[in-house]
Amino acid sequence: MPDHIHTIPVLDALREPRGCAFCVMAEKLEADAIQFIMGPAYMEDDVRMETNKIGFCKHHLDSMYAEQNRLGLGLMLHTHIAQLNKDILGIINGRIPVSFFGKDQSNTTSKLKNHLQKTQDTCYVCKKVDTTFERYIDTFFYIWNKGGDDGRLISSQEGYCIPHFIQILDAAEKLGRGKREKFLDEILPKMQSFLQGMEHDLDWFTQKFDFRNADEPWGNSKDALPRAIALLGGVGRV
């Protein structure tokens, strides 16, 4: 199957020599989203309207700060906090209807808590990444269903991190029963072998602390801890 524009990012990640292909996709999407928001996009009215409303998570605030575009970040945070301040003053002065918050809140503290919590639970970058990532999962199954050399890339994957494996299993539920069983027959043995390999590497990593094994070769265990963390938490070289 020739590469098409919608399959290229997924195929590129599947061709990576090692690790969770979806972590590769997620890292690329996140980097692209940060570059987008720290580029000219921060001056676009529609982007600023959305960032003013939903803000950013702590992780992506740190990522944007690291980009060194202090003016762009300062402008975005200024208008976002200005909107937040306006909302808070509206709550304090009783100008925002109670129904705006989706619940019948009876006091100012509850309204403030709910509104502030809402801003903590949303992030412009996360939303941008998640929207495209969902399409990548659909493309992953499109490639698998088409078969051929590209489809075999999926059956040859070593394994996936646990968070992305959960997403794969969730998406597999949408397949018909026959296709779902075929897919699981291909992916589950690989995933089991992947986890067993990690278990073995961690076991040898701990045994290397025994002085009797000090001169024994590390094998694949020297970086077992960061790989195990990436396996359990996602977005890293597993």
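Ring rule first: I pair rings of Phe, Tyr and Trp (its six-membered ring) if their centres lie within 6.5 Å, and I call planes under 30 degrees apart stacked, over 60 edge-to-face and the rest tilted. By that rule, Phe22, Phe133, Phe140, Phe141, Trp144, Tyr160 and Phe183 form one aromatic cluster.

Ground rules next. This is a predicted model, where local features need pLDDT of at least 70, side-chain atom pairs count only at pLDDT 80 or more, and totals for chains, interfaces and linings use all residues. Residues are numbered from 1 along each chain as its sequence is written, and side-chain values use heavy atoms, with hydrogens and water left out.

**Confidence.** I checked pLDDT (the predictor's confidence in each residue, from 0 to 100). The chain averages 88, and 92% of the residues score at least 70. Helices here are DSSP runs (H or I, at least four residues), as are strands (E, at least two), numbered from the N terminus. Confidence is lowest in helix α6 (residues 108-120), with a mean of 83, and highest in α9, at 96.

**Aromatic pairs.** How many aromatic pairs does the structure hold? I get 11. I looked up Phe22 with Phe133: the ring centres are 5.7 Å apart and the planes sit at 65 degrees, so I log the pair as edge-to-face. Phe22 is in helix α2 (residues 21-38) and Phe133 in helix α7 (residues 124-146), so this pair ties together parts 111 residues apart in sequence.

For burial I use relative accessible area: buried is under 20%, exposed over 50%, partly exposed in between (1.4 Å probe, protein chains only). Phe22 comes out at 1%, so it counts as buried. Phe133 counts as buried too, at 6%.

Phe22 has another partner, Tyr160: that pair is tilted, with 5.9 Å between centres and 50 degrees between planes. Tyr160 is in the loop between α8 (148-155) and α9 (162-172) while Phe22 is in helix α2, so the pair ties together parts 138 residues apart in sequence. Both Phe22 and Tyr160 are buried.

**Charges over rings.** My test wants NZ of Lys or CZ of Arg within 6 Å of the ring centre and within 35 degrees of the ring normal. Arg70 lies over the face of Tyr65, 3.9 Å from the ring centre. Lys208 has its charged end over the ring of Trp218, at 5.0 Å from the centre.

Which residue other than glycine has a positive phi, near 75 degrees? I found Gln68. Gln68 is in the loop between α4 (58-66) and α5 (70-92), and at 54% relative accessibility Gln68 counts as exposed.
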